[in-house]
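Here are a few exercises to work through with the model open beside you. Try each task before you read its solution.

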Amino acid sequence: HHHHTHTAHLPARPPGFGAPRAANAEELAALKAALEDAEQNHGETEVLDALFGIASFHARVGDKDEAYTAFDIIVDKPKVSTGKKIDASMAKLRVALFFMDTDTARKLLRSAKKLVEDGGDWDRRNRLKVYEAVFFMIERDFKSAAELLLDGVATFTCTELCSYESFIFYAVLTNVLYLKRPELKKKIVDGPEVLGVIHLPQLDPLPILVNGLYDCEYAGFFNALVTLNTNLLKDRYIARHARYLIREYRILVYSQYLDAYKSVMLGTMANAFGVGQPFLDQELSRFIATSRLNAKIDKVGGMVITNRPDMKNAQYHTVIKKGDMLLNQVSRLPPPSYRHCTSLFRTRPCSFFPSHSHRHFLITIQIQKLARVIDV
């Protein structure tokens with residue numbers, strides 16, 4: 001009873017409400033008729049075109065299962081060229097990415113990459129990299145996505161998946177997190193392809209974000225994060241990772257700022273970022289507690305003290321430890337190999353041991369590796 005009274009007050013469906021469905025049914029019938037005609041009266045090329053027409057129709061109206069089936073028919077069909085199989089695989093992959101169907105997308109990427117290796121051209125190879133990058137973004141593997149996106153900046157042709165502006169948005173967004181300063185300057189800050197579109201309104205606030213990070217304008221960077229968060233939430237592929245990305249950007253700039261100091265007043269740092277001291281205290285405490293920042297807070301003195309890990313020291317201890325193990329191994333070898341080892345730290349080892357045995361050879365390799373670390 002409740003159900004009936006509840007629905008009784010719903011507005012009547014407007015005239016023409018079912019028209020799109022009827023139009024879709026009509027279009028599908030016409031496509032199937034075209035396929036039948038091609039099979040009876042024409043050659044393989046026309047049949048393939050008709051099959052693509054049906055598959056693309058299902059993809060366009062969002063019928064995932066029918067689209068999958070229709071693209072599979074093309075891939076499994078004998079006498080279809082590798083290029084067309086790649087096209088069908090990528091079209092199916094586009095549907096999988098749209099529906100966030102990562103299991104299907106993963107399998108499709110595997111099979112499409114194999115097809116590309118077997119006989120894909122340069123353009124399809126490049127386009128598949130963009131699909132893979134989007135897949136990595138959905139999976140929150142932004143480091144892998146960043147490398148693929150940066151590779152494709154100069155060769156982008158994958159407009160069926162996203163616009164060039166969106167592609168640059170993704171490329172900048174991901175690479176800012178991982179590129180070292182010289183690379184960031186060369187490929188993003190001064191990169192001609194990036195500069196060509198980064199100032200467009202739809203890519204706001206990327207210029208402030210990138211330049212804020214590079215020029216150490218932290219207050220501007222933080223302001224840009226507010227706008228960026230809104231834009232990320234509108235993006236189909238990365239909306240679910242918006243909170244994660246904004247957190248990673250904050251850790252990135254806090255680390256960059258603290259790298260310049262052994263200790264800094266909390267108030268000074270808060271002013272640099274344009275935030276309140278209590279907020280910054282809370283933020284830093286959280287990131288320090290989860291080992292994302294190498295620092296500690298002196299509450300009494302109101303200071304942040306950095307305690308960066310000493311990489312040289314760690315390397316030295318590794319060399320000593322491995323060196324001891326290696327000398328033990330070498331001491332058990334028959335002469336004349338052992339006496340060569342006394343020159344380990346004086347000369348770069350190239351061919352310590354003549355070809356006594358495979359074991360000698362392996363130990364030689366280990367010594368050479370250690371010598372390289374010592375040179376560093």
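A disulfide is counted when two cysteine sulfur atoms lie within 2.5 Å of each other. Keep in mind that the model is a predicted one.

**Exercise 1. Find how many disulfides the whole structure holds, and explain the result for Cys158.**

Step 1. A search of the whole structure gives zero disulfides.

Step 2. Look at Cys158: its closest cysteine sulfur belongs to Cys162 and is 6.3 Å away, so the pair is too far apart for a bond.

Step 3. Now check burial, where the cut-off is under 20% relative accessible area. Cys158 has 0% relative accessibility and therefore counts as buried. Cys162, with a relative accessible area of 8%, is buried too.

**Exercise 2. Describe the protein chain as a whole, then locate its largest nonpolar core.**

Step 1. Begin with the secondary structure: the protein chain has 19 helices and three strands.

Step 2. Turn to burial and surface. Of the 376 residues, 40% are buried. The accessible surface is about 21700 Å², and carbon and sulfur atoms account for 55% of it.

Step 3. In soluble globular proteins, nonpolar side chains tend to be buried together. Here the largest nonpolar core contains 103 residues, and Leu97, Leu228 and Tyr249 have the most contacts inside it. Helix H14 (residues 242–258) contributes the most to this core, with ten residues.

Step 4. Zoom in on Tyr249. Beyond its neighbours within four places in sequence, Tyr249 contacts residues including Leu173, Val176, Leu177, Phe221 and Leu228.

**Exercise 3. Work out in which order the three strands form their sheet, and which helices pack on it.**

Step 1. The order is E1-E3-E2, in an open sheet with antiparallel pairing. Strand E1 (263–265) and strand E2 (295–298) are the edges, each pairing on one side only. From one strand to the next, the twist averages 20°.

Step 2. Follow one pairing in detail. E1 and strand E3 (residues 303–306) run antiparallel and are joined by three bridges. Val264 is found opposite Val304 in E3.

Step 3. Helix H16 (residues 277–289) lies across E2 and E3 and runs at about 140° to E2.

Key:
Residues numbered from 1 in each chain as written. Predicted model: local features only at pLDDT ≥ 70, side-chain atom pairs only at ≥ 80, totals over all residues. Heavy atoms only, no water. Helix = DSSP H or I, 4+ residues; strand = E, 2+ residues; numbered from the N terminus. Buried < 20%, exposed > 50% of the residue type's maximum accessible area, 1.4 Å probe, protein only. Areas by Shrake-Rupley, 256 points an atom, 1.4 Å probe, with all protein chains shown as cover. Core = buried A, V, L, I, M, F, W, Y, C linked by side-chain atoms within 4.5 Å. Contact = heavy atoms within 4.5 Å. Pairing = 2+ DSSP bridges. Axes fitted to C-alpha atoms, helices over the stretch in contact; angles between N-to-C directions.
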